[in-house]
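Dear colleague,

Please find the structure below, followed by an account of what was found in it.

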Amino acid sequence: ERTITSRDRLLQELEATRERGYAIDDEELEAGIRAVSVPVRDIDGKVVAALSMPGPSHRMPPERIPEITQALLEAAGAISAYLVAL
C-alpha cells in the first residue's frame, strides 16, 4: 500500500535521500515496520556499505528519526574511519 510505484515519485525520493544523507523506509517494505539507513564510505568517499536500523513503527515514530539517524551516522563514521586506517 505504501510502496513507491511511480518512476517520478521514486526519483523524488532518491533526490530527497541524497539531500538529507540518509534513507527512510516508512512502512514501504512491510506495514508496521520503519527503517533508517545511512551510507558507509571508503577513503575516496565512495559508498561501500550501509547501516540500517529497522523497527516497529510505534517504537520508531517520526520524532525519533533524527536521534536514530544521528546514532547511525556516528557508527558509520567510525566504520569509515576504520576502513581508511586499513
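Eight salt bridges are counted in this predicted model, a salt bridge being a side-chain nitrogen of Lys or Arg within 4 Å of a carboxyl oxygen of Asp or Glu. As the model is predicted, local features need pLDDT of at least 70 and side-chain atom pairs count only at pLDDT 80 or more, while totals for chains, interfaces and linings use all residues. Residues are numbered from 1 along each chain as its sequence is written, and side-chain values use heavy atoms, with hydrogens and water left out.

Arg2 takes part in a salt bridge with Asp26, at 2.9 Å from N to O. Arg2 lies in the segment before H1 and Asp26 in strand S1, so this pair ties together parts that are 24 residues apart in sequence. Helices (H or I, at least four residues) and strands (E, at least two) are DSSP runs, numbered from the N terminus. Arg2 also forms a salt bridge with Glu27, where the closest N and O atoms are 3.6 Å apart. Glu27 is in the loop between S1 and S2, so this second pair ties together parts that are 25 residues apart in sequence.

Arg2 is partly exposed at 42% relative accessibility, whereas Glu27 is buried, with a relative accessible area of 17%. Buried here means under 20% relative accessible area, exposed over 50%, and partly exposed in between (1.4 Å probe, protein chains only). Leaving aside neighbours within four places in sequence, Glu27 is in contact (heavy atoms within 4.5 Å) with Arg2, Gly32, Ile33, Arg34 and Ser57.

A further salt bridge joins Glu67 and Arg64, with 3.1 Å between the closest N and O atoms. Glu67 is partly exposed at 49%, as is Arg64 at 32%. Through shared partners, salt bridges join Arg2, Asp26, Glu27 and Arg34 into one network.

Ala76 touches Val38, Pro39, Val40 and Leu51, not counting residues up to four places away in sequence.

Yours sincerely
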